[in-house]
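Hi,

Here is the structure I promised to pass on. Have a look at it first, and then read on for what turned up.

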Amino acid sequence: MRDEGLASDPTRKRERLRELLRACESVVVGYSGGVDSVLLAAVAVEVLGAERVLAVTGVSPSLSRRAGRTAREVARAQGIPWRELETREGEDPRYAANPDNRCYYCKSELWSRLGDLAEREGFRTVLDGSNADDLTDHRPGAAAARERSVRSPLQEAGLTKAEIRAWSLDLGLPTWDQPAAPCLASRLPYGFAVTPERLRQVDRAEEALRALGFRTFRVRHHGDAARLELGDEELRSVTGVGSQVARALREAGFPRVLVDLQGYRRGALNEGLPLVVLGSAA
Amino acid sequence: MSDPAAWRNAAEAAGFPHVRVAPDGLKGEIARLSAPPGEMERLLREGRPLAEALRALGFAYVAVELEDESDAR
């Protein structure tokens, strides 16, 4: 639970986080390689020492190749003990059906496996990188963490995303300005089944766009069509490389490529619920 | 909701009389716009009012089709 008595003073929040980590004694950190979990793991190493910290990245088809690379490289560069752990959320039909609480089933699998690992290897506490801003967001995965006694020390210390970025910059962490990178399943509209092949299509398509120089974007999977959400700069310049984009995405498995006129925005697939029905269901 | 005449009117009113509108996606949730050569850039630059109009007609998303010009016959 977040300490409401904390002042908005970031220095006090930083000290509070250190106190919380010290009390945990030894920790397994659910580590995606994103800004939150990297800071958490780095501060845990500072406070507890590397031998009492293990950062673990859950690996499944929903992890993009890029996220996997970032997680590994940052851990190595920062001296954070790190390991990959295969997760099998895709074998759970409740997850694969892609309901709007899909994250709950994914996180249930992740925290269950991390809890087993912590118990087996003698770590006292499992941590996630939820922050204070996440309290106001729709996050069904948080319930899975609570059910498995996973602690959220960044949130408990009252640290917001902006404060986490500022602290990361102070520590020289390369993730300080990293954009949000939710899992690949987030590119599929709710109700559209999550399959390894569809996730691979999105991963291939996003890798191809990155290779063409795109930086701010999402590839949304709508069956035969890829709907691209592009940042303002990319939206202005896409016509110059339109043929290359269309070709690359067709090779990734999308016969049609559509550029969204409203551009990139987080959580845009929520706008499609419920889907309007103009034609036959796919 | 499924009214091609209304989609056409929306495109004309937004200043894109030559843009065609058709449903796409899993369940018709996307309004797919096909623009003639030369119109694409203007559509991406000035098409947000048209997107709003089509969303008001029931589409969740409005998007322009990107074609591989090497496929052009």
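In chain A, four strands make an open sheet, ordered β3-β2-β1-β4, with parallel pairing. β3 (82-86) and β4 (125-127) of chain A sit at the edges with a single partner strand each, so one side of each has no neighbour in the sheet. From one strand to the next, the twist averages 30°. Bear in mind throughout that this is a predicted model.

Going through the pairings in that sheet: β1 (residues 27-30) of chain A is joined to β2 (residues 53-59) of chain A by four bridges, and the two run parallel. If you want a spot to start from, V27(A) has V53(A) in β2(A) as its bridge partner. Helix α2 (residues 35-48) of chain A packs on this sheet, where it touches β1, β2 and β4 of chain A. The direction of α2(A) makes about 165° with that of β1(A).

G58(A) has L85(A) in β3(A) as its bridge partner.

The chain B part is worth a walk-through. β1(B) and β2(B) form a hairpin with five residues between them, and G25(B) in the turn has a positive phi of about 95°. Five bridges join β1(B) to β2 (residues 30-34) of chain B, and the two run antiparallel. Within that pairing, R20(B) stands opposite S34(B), while A22(B) has R32(B) as its bridge partner. β2(B) is also joined to β3 (residues 61-66) of chain B, through four bridges, and these two run parallel. There, the bridge partner of I30(B) is Y61(B) in β3(B).

Is β2(B) enclosed or open to the outside? Five of its five residues are buried, so β2(B) is largely enclosed by the rest of the structure.

The largest nonpolar core has 47 residues, and the ones with the most contacts inside it are L228(A), L249(A), L33(B) and L54(B). Helix α9 (residues 196-211) of chain A gives the most to this core, with four residues. What does L33(B) touch? Leaving aside neighbours within four places in sequence, its contacts include L261(A) from the other chain, and, within chain B, V19(B), V21(B), L43(B), L50(B), L54(B), V62(B) and V64(B). Also among the contacts of L33(B) are R20(B) and E65(B). There is a second, separate core of 30 residues, which includes V53(A), I80(A), L127(A) and A157(A). V53(A) is the bridge partner of V27(A) mentioned above.

N98(A) has a phi near 60°, a positive value in a residue other than glycine. You will find N98(A) in the loop between α4 (93-96) and α5 (102-121) of chain A. S149(A) also has a positive phi of about 60° without being a glycine, and lies in the loop between α6 (141-147) and α7 (153-156) of chain A. Which of the two is buried and which exposed? N98(A) counts as buried, because its relative accessibility is 0%. S149(A), at 59% relative accessibility, counts as exposed.

Last, the aromatics. Searching the whole structure gives two aromatic pairs over all chains. One of them is Y104(A) with Y105(A), an edge-to-face pair at 5.3 Å centre to centre and with 85° between the planes. Y105(A) has 18% relative accessibility, so it counts as buried.

Cheers

Definitions and conventions
Residues numbered from 1 in each chain as written. Chains lettered and ligands numbered in written order. Predicted model: local features only at pLDDT ≥ 70, side-chain atom pairs only at ≥ 80, totals over all residues. Heavy atoms only, no water. Pairing = 2+ DSSP bridges. Axes fitted to C-alpha atoms, helices over the stretch in contact; angles between N-to-C directions. Contact = heavy atoms within 4.5 Å. Core = buried A, V, L, I, M, F, W, Y, C linked by side-chain atoms within 4.5 Å. Buried < 20%, exposed > 50% of the residue type's maximum accessible area, 1.4 Å probe, protein only. Phe/Tyr/Trp six-rings, centres within 6.5 Å; stacked < 30°, edge-to-face > 60°.
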